[in-house]
Amino acid sequence: MSDQQIVPIHVLGIPGSLREGSYNKALLRAAQEEAPDGMTIEIFEIGDIPFYNRDVEEEGDPEPVQRLKRAIREADAVLIATPEYQHGLPGVLKNALDWASRPPGDAPLKNKVVGMMGASPSPVGTARAQLQLRQTLVYNQSRFVARPEVLVSKAPSKFDDEGRLTDEKAREFIRKHLKAVAEKVHEAQRESAEAA
Ligand code: FNR
C-alpha cells in the first residue's frame, strides 16, 4: 500500500485490569508498538467508572461514563485486553461494557468494530474470558474480530521486568489481529458509504 492510500484509524484500547503491573495493560502497550501504519491506539482506563445502576443512569450518565461512551463513539474501533477471572470476564470490565451497551438501540458499542486479546498465567491464556466477551458483544451487535485470536498463555514468562512483551510469536498474533481490525473498519466504512 502506498502512503497516499493509508487512512488513519483511531482505536480505543480498554484494559480489563486496574492494576499497574497488569499483563493486559502491557499487551495494549505492545499493540501500540505493533500498530500498522495509520493506526493509533489510545489507552482508556476504566478504574473510575461506577457500578451500573439504572437509578443513576436515569439522572444522567456520571462523568466517567460519559467520557467512556464518547471515547467509544469517536473511535473507529475498540481493542479490549481482558484478564480472565473465574473462567470469565472481570467484573470491572463487564460493568464498563454494560454502561457502553446503553441506551439499547443507540449504544456506543452497536456496530462498533471490536478487537480483543488477553494474557493470563494459565495455559489457555483467557480463552474462556474471551468467549464470554464475544457473547456480550453479540447482543450489542458489535462487529468483533473473531480471528486470529490473541491468547497469551503462561504470561509471567512472556513479559520482562519492565512489563514489555518479549514473546515474538505473541507479537506476531497482535500484528495479525490489528490487521484484521483495520480490515473490519474498512469494511464497515464501505458499508456505511453504500447505505448513505
Ligand atoms: C484469576 N486468575 C485467573 N487466570 C486464569 O487464567 N483463569 C481464571 O479463571 C483466573 N481466575 C482468577 C480470579 C481472580 C479473582 C483473580 C484475581 C485472578 C489469574 C489472573 O489471570 C492473573 O491474576 C492475571 O495476572 C490478571 O491479569 P492482569 O491484571 O495481569 O492484566
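1. Thr126 sits in the loop between β4 and α5 (127–139). In this predicted model, Thr126 has a positive phi of about 75°, although the residue is not a glycine. Thr126 counts as buried because its relative accessible area is 0%, and the cut-off for that class is under 20%. Thr126 is also one of the residues touched by Glu84, leaving aside residues up to four places away in sequence.

2. Gln141 belongs to the loop between α5 and β5. Is Gln141 buried or partly exposed? Its relative accessibility is 47%, so Gln141 counts as partly exposed.

3. Glu84 deserves a separate point. This residue is placed in the loop between β3 (77–81) and α4 (91–100). With a relative accessible area of 15%, Glu84 is buried, since the limit for that class is under 20%. Which side chain makes a polar contact with the side chain of Glu84? The partner is the side chain of Arg128, at 2.8 Å. Beyond residues up to four places away in sequence, Glu84 touches Thr126, Ala127, Arg128 and Ala129.

4. Strand β3 is mostly covered, with 5 of its 5 residues buried. Ala77, Leu79 and Ala81 point one way from the strand, whereas Val78 and Ile80 point the other way. β3 pairs in the parallel sense with strand β1 (residues 9–15) over 5 bridges, and Val11 stands opposite Ala77 there. β3 also pairs in the parallel sense with strand β4 (residues 113–119), again over 5 bridges. In that pairing, Ala77 stands opposite Val113.

5. His177 is located in helix α6 (residues 168–195). Its relative accessibility is 1%, and His177 therefore counts as buried. Not counting residues up to four places away in sequence, His177 touches Leu79, Gly115, Met116, Val145, Pro148 and Val150. One of these, Leu79, is among the buried residues of β3.

6. The bond from Arg102 to Pro103 is cis, with omega near -5°, and Pro103 lies in the loop between α4 and β4. A cis bond also joins Arg147 and Pro148, where omega is about -5°. Pro148 is placed in the loop between β5 (143–144) and β6 (151–152), and Pro148 is one of the residues that His177 touches.

7. How many residues surround the ligand? There are 14, and the closest are Ser17, Ser22, Asn24, His87 and Ser120. By class, this shell has 4 nonpolar, 7 polar and 3 charged residues. A polar backbone atom of Tyr23 is 2.9 Å from a ligand oxygen atom, and a polar backbone atom of Gln86 is 2.9 Å from a ligand nitrogen atom. A backbone N or O atom of His87 lies 2.7 Å from an oxygen atom of the ligand. Taken alone, the ligand exposes 620 Å², of which the protein buries 72%.

Notes. Residues are numbered from 1 along each chain as its sequence is written. This is a predicted model: local features need pLDDT of at least 70, side-chain atom pairs count only at pLDDT 80 or more; totals for chains, interfaces and linings use all residues. Side-chain values use heavy atoms; hydrogens and water are left out. A residue is near a molecule or strand if one of its heavy atoms lies within 4 Å of it. A polar contact is a pair of N or O atoms within 3.5 Å; within protein, one must be able to donate a hydrogen and the other to accept it, and residues adjacent in sequence count only if both atoms are side-chain atoms. Accessible areas come from the Shrake-Rupley method with a 1.4 Å probe; for residues, only the protein chains shown count as cover. Ala, Val, Leu, Ile, Met, Phe, Trp, Tyr, Cys and Pro count as nonpolar, Asp, Glu, Lys and Arg as charged, and the others, Gly among them, as polar. Helices (H or I, at least four residues) and strands (E, at least two) are DSSP runs, numbered from the N terminus. Buried means under 20% relative accessible area, exposed over 50%, partly exposed in between (1.4 Å probe, protein chains only). Contact means heavy atoms within 4.5 Å. Two strands pair if DSSP finds at least two bridges between them.
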